[in-house]
Amino acid sequence: MKASPSTIFGLVFLPLAAILVLGLAPLAVVVVWSFWAWDPSTYWIKPDFSLAGYAAILEAGRWTVILSTLVKALLAALICLVIAYPTAYAVTFLASRRLAVVLLALMTIPFFTSYLIRSFSWRLVLGRTGVVNTFLQDVGLTSAPIDWLLFSDFAVMVGLVASYLPFATFPLVLAMGRVDSIVLSAARDLGAGFWTVLRTILLPLTLSGVFAGFLFVFVMVAGSSTEVQMLGGAGASIVSVMINDVMRVANYPLAFAISTIVLAVILGLVLIGNWTFGLARLFEDRAQ
Amino acid sequence: MAIAIGIDNVSRHFGPLRAVDGVSLDIKAGEFFTLLGSSGCGKSTLLKLIGGFDAPSAGRITFDGKDMAGIPANRRPVNTVFQGLGLFPHMTVAQNVGYGLRLRGLRGKVLDDKVAEALELVQLAGFGPRDVNLLSGGQRQRVALARALVMEPGILLLDEPLTGLDEGLRQQMRDEFGRLHKRTGATFILVTHNQDEALSLSDRIAVMHAGRIEQVDQPQRFFDQPANAFVARFVGIEALLRPETVERHGDEGIATIAGQKLPVKLATTAQSGSTVIAVRSDRLVVGDGAAPLPGATLTVVESVFRGLHRDVKLAFADGQTIVVAIPADRDIPAVGAAMKVGMKPGAAIEISSSGMPEAG
């Protein structure tokens, strides 16, 4: 059965329209507006070609916030991958079908409640009188509460990893599900130990999943704000928080300029990733 | 180089399921040995135990007398051609074949030469740089074979290697296995459900059923002396008759079926329990040649045209039936007519009734 061209067009039209209108158009507007100028008479922006917004990024250490956001995103994405890879391996190759379903369901638990509540709950765990400190003192490992557990970069990283781990796990589970376990057996048969199989067979075959997981977490962290606000130390900032602050003083071109920079970095990552790892392969059906 | 395998009372249980149930076998070095059985009989599980991909629940597996317990698959002198092959999809043909040798530390010209030699052995010379995903089924099969053989294993395991190939290719690959077995001298263990494959290739065959071995023998022995009713039916001896009595004189006997006396060959080993008479249709004679031979006079029930011959179903007075083949150009026997069936020596064999379906 072959669908007629008009049917295909009809089916593709809606998602295509949704992507254009809801996704690309606002981003394009953001990029264009980042070059407009602030107009004090209307309290809004007017058409112009001004780089004032971009110049302002270099002021007041704003670029360091962008940089630290990217570093946080990079670190969180790597930590998530290190945790998610063995998890996905266990779910795919070690667990029974039934246990695998249960594990995957458990992994979606972070989505059950809001980021706000979840971040707040980490305060109860990591605080001076929190679960961790109480436990450490009870077993005598420390005599006084450890202060750097909460309101620190450490706490922010814990919150970020806890929030966005599933975004790394699911693409990896998807990628590993496409690896025939006989291929792994064949490698063992030819003399490869566990680590050799991992390095020469499983990793190369799941690279697209690794990159997809990395990208998802990276993008989510780059756009996050709750974790930093709830768990970060004094003066801790992240791009989203900074944009919010800038918007509050109605400096729209600056807000748009920051957004454009972040957008460019992520777009660059996607393109590099696709060239290097073949992201599209994750959704391809390799004839086997 | 070939390795002898000892399987000593080996079992593998999955919960209540006994996939392999107390199997003992001695496979000689350099032998082409086949595990034959229908799906779920435990043959693939037994192969996994030999390959080291699974550990037995009980019993011992030895290679040249050395206990293999605790030695993982990657450290056994065994290589496998897997069902489904398991070629590495991200590597070329040459990289696939050279994978194991690279792990052994071979590099450069030595590696390239060995890979080229292995590809030549399976008639894929010059295919080295190709993408394995773009090969035909038969070519992929050969790559898997080359990948295993290049390791010069003492034991080569073949797990249903011909499943999924078309008939012409099956014949061709089957000949290839025979040739490679002679050429390499390794111990070959083939797992299959296909009787033709087993019979044409094997030095010896073990017929498996429900986790147990029913019979281990040379191919022709399964027809001369099937161990029991299950084996007889499995190899295609459909006519199994329940005798009223069997008189024994040495290794010859007279079985009485529905009042007619038939000469039977008795089992060399003493039969315990109930027995049935297996009748080999290729040793039955009808028409002119039947008169001088001992045999029975039976009633024609039906006749079915089969192309080059005609299957005629004949019934004893008690309703038990046998089928004989007559040339297609012979007159069609009338249903209800009497027909004399002569039996050549060895046409009827007394065997254990184990595995006999209940009389319907």
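Modeller: Before we start, UniProt positions here follow the numbering used for this structure, feature names are shortened, and annotations may be inferred rather than shown by experiment. This is a predicted model, where local features need pLDDT of at least 70, side-chain atom pairs count only at pLDDT 80 or more, and totals for chains, interfaces and linings use all residues. Residues are numbered from 1 along each chain as its sequence is written, chains are lettered from A and ligands numbered from 1 in the order written, and side-chain values use heavy atoms, without hydrogens and water.

Colleague: Which residues of chain A does UniProt list for "domain: ABC transmembrane type-1"?

Modeller: The listing comes from an unreviewed UniProt entry. The span is 77% helix and 0% strand (DSSP runs: helices are H or I, at least four residues; strands are E, at least two), and its end C-alpha atoms lie 21 Å apart. In that record, the domain is residues 66–273.

Colleague: How much area is buried between chain B and chain A?

Modeller: Buried area is the accessible area (1.4 Å probe) that two parts lose on being put together, summed over both. Carbon and sulfur atoms give 62% of it here. The total is about 1800 Å².

Colleague: Which residues of chain B lose the most area to chain A?

Modeller: Three residues together make up 28% of what that side buries. They are Asn74(B), His90(B) and Tyr99(B).

Colleague: How many salt bridges does the rule find across the interface of chain B and chain A?

Modeller: The rule wants a side-chain nitrogen of Lys or Arg within 4 Å of a carboxyl oxygen of Asp or Glu. Across this interface, the count is 0.
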